[in-house]
Every structure is written in C-alpha cells, then in structure tokens.
Amino acid sequence: MLARAEAMTQTEEIVNKAMSDGVPAEEILNNGFIAAMAIIGDKFSEGEIYIPDVLIAARAMQASVDKLRPHLSDEARIDRGTVVIGTVKGDLHDIGKNLVKYMLQGSGFNVVDLGNDVSAEQFAEGVRANDAGLIAMSALLTTTMGSMKDIVDGLEEAGLRDSVKVMIGGAPVTQEYADRINADGYARDAGSAVHTAMELLGVE
Ligand code: B1M
C-alpha cells in the first residue's frame with residue numbers, strides 16, 4: 001500500500017482529473033470511493049491488508065470527499081442511513097470503533113460518533129437527536145460487554161427499541177452474545193460491519 005501522503009496526493013490528483021474531464025461528482029463518489037472502500041473492507045476482512053492500510057485509505061477518501069461535497073447534488077448527498085456509534089460505558093478502547101466508523105462513512109452512511117464510555121442514556125439521546133436507524137456498539141473488555149445489554153435494555157425502556165436496530169462488535173463479542181442480549185446483528189470486523197449495517201437497514 002502507499003504511504004499516507006502519497007495516497008492523499010494521488011487520490012486528489014485522480015479526483016481533480018475526473019472532475020476536469022467532466023465526470024459527475026456523484027459518479028466519482030459512488031463508482032470511485034464507495035466501490036473502492038467496499039474492496040478495502042473485503043481485503044481487510046480477508047487479512048490481505050492491515051489496520052494502517054485501512055486508515056490510510058479512509059483518510060485519503062475523507063479528504064477528497066470533503067472537496068467533492070459542494071459539487072454533490074442534494075440527492076447524491078442522501079446516504080444509506082444514519083448510524084450512531086460508540087464504545088460502551090466503562091470502555092475506553094476506540095481504535096476498532098474508529099475503524100468501523102471510517103468503513104461505514106466510506107460506504108455512504110452518515111455516522112454520528114458518540115466517542116467512548118457511552119451510557120444507555122447517551123445512546124438513546126443520540127438516536128433521538130439524529131433520527132438514527134442503527135446503533136453500532138463496540139466493547140473490548142469482557143467486563144464492559146455487560147454494558148451492551150444495559151444499552152439494549154435502556155432502549156427498550158426509552159421506547160426506542162422498535163425503531164432502531166442494534167449491531168455489536170469488538171474482540172470479546174460473539175454472535176452468540178448478540179443473540180443472548182437481543183441485539184439485531186454482530187460483525188467480526190470493520191469490513192463485515194458494513195455488510196451487517198446494510199442488511200440491518202435494508203439498503204443495497
Ligand atoms: Co486495553 N485491553 N486495557 N488498552 N488493549 C486489551 C483489549 C486486552 C485484550 C489486553 C490484554 O490483556 N491482552 C485486555 C482486555 C482483556 C479482556 O477483558 N478480555 C485489556 C485491558 C485489560 C485493559 C485495561 C483494563 C488495562 C488496565 O488498565 N489494567 C484498560 C481498560 C481501560 C478501559 O477501557 N476502561 C486498558 C487500556 C488500554 C489503553 C487505553 C492503554 C489502549 C486503548 C487506546 C485506545 O483505544 N484509544 C489499550 C489497547 C490499545 C489495547 C490492545 C493492545 C489493542 C486494542 C486495539 O485497539 N486493537 C488490546 C490487546 C490486543 O488486542 N492485542 C487491549 C486493534 C483494534 C483495531 O481491534 O478493537 O478488536 P479491535 O477492533 C476490531 C474488531 O474487534 C472489530 O473491528 C475492529 C477491526 O477489525 N470491532 C467491531 C470492534 N468494534 C466493533 C464494532 C462493530 C463491529 C466490529 O459493530 C458495532
């Protein structure tokens with residue numbers, strides 16, 4: 001993979017060239033960036049590339065998408081849905097959560113990042129304030145996995161459980177645990193998180 005500065009320069013050059021050739025911004029976004037990010041996600045899931053590669057790709061994409069944004073039509077700006085993401089209460093590990101965020105953003109989701117140490121109340125407020133369709137929770141400690149259950153229960157108490165899907169992930173988390181706490185989905189890594197989010201939100 002390319003070094004970060006090189007990747008950013010090359011990405012910018014390709015975008016500038018495409019725009020001066022008259023390629024619509026929507027096409028650059030959908031057929032260029034989003035398609036490329038799907039490949040990055042799959043390669044990462046398959047162990048062909050590693051965390052630094054994903055970060056380089058995500059940052060190069062972010063910088064160019066920021067420049068592309070003013071040229072996108074309102075329709076093109078409509079995304080695949082809003083996801084509220086956070087690392088759960090008591091847990092400060094956010095590297096994996098950030099990777100999931102970058103992959104979701106790169107794949108056309110609007111992602112609201114609540115950070116780490118996020119409580120059930122904060123998730124509920126995040127869903128309400130952003131009209132989110134999906135919550136994505138990360139936990140890295142066996143001791144904080146329980147917060148995931150508290151958050152699902154908190155959504156139920158707040159009357160939001162029927163209107164929002166819940167996806168969980170993180171090193172100690174499993175599909176079996178997701179089933180046990182009544183989460184809607186589990187993803188093993190940042191690449192598969194995109195596929196799970198698409199499935200849960202019913203988007204292609
Ligand atoms: Co801590 N830590 N840590 N730590 N830390 C682990 C997790 C640990 C396994 C180390 C060990 O003992 N071998 C262990 C947990 C044991 C356990 O409970 N099973 C541990 C511990 C014990 C602790 C402390 C309690 C240590 C202490 O203070 N005594 C403490 C807890 C602090 C707290 O959170 N309250 C602590 C602190 C820290 C640091 C702050 C120093 C730092 C975090 C910095 C940060 O995140 N900003 C840290 C780190 C870096 C690690 C290790 C070394 C690396 C974690 C990481 O970022 N991995 C870790 C040991 C290890 O894994 N080798 C360890 C890379 C990251 C990309 O992977 O987060 O798994 P990961 O994300 C993956 C997937 O899991 C998945 O996708 C990602 C990409 O593929 N994924 C999702 C993650 N979230 C997802 C959400 C999804 C879907 C997929 O959908 C929503």
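On a 1 Å grid over the protein atoms alone, a cavity is a set of points where a 1.4 Å probe fits but cannot get out, and its lining residues have an atom within 4 Å of a point. The model examined here is predicted, so local features need pLDDT of at least 70 and side-chain atom pairs pLDDT 80 or more, while totals for chains, interfaces and linings use all residues. Residues are numbered from 1 along each chain as its sequence is written, and side-chain values use heavy atoms, without hydrogens or water.

A search of the whole structure finds one cavity of 30 Å³ or more. The largest cavity has a volume of about 30 Å³, the volume being the space filled by probe spheres set on the grid points, which are joined across faces, edges and corners. Its lining consists of Met37, Ala38, Gly41, Asp42, Met103, Ser107, Gly191, Val194 and His195. Two or more of these residues come from each of α2 and α9 (190-201), and α2 contributes the most, with four.

Buried residues (under 20% relative accessible area, 1.4 Å probe, protein chains only) in α3 include Asp53, Ile56, Met61 and Leu68. The buried residues of α3 pack against α1 (4-20), α2 (25-45) and α5, with contact meaning heavy atoms within 4.5 Å.

Key: Buried < 20%, exposed > 50% of the residue type's maximum accessible area, 1.4 Å probe, protein only. 1 Å grid on protein atoms, 1.4 Å probe; cavity = no way out; pocket = protein on both sides within 12 Å on 5 of 7 lines; lining within 4 Å.
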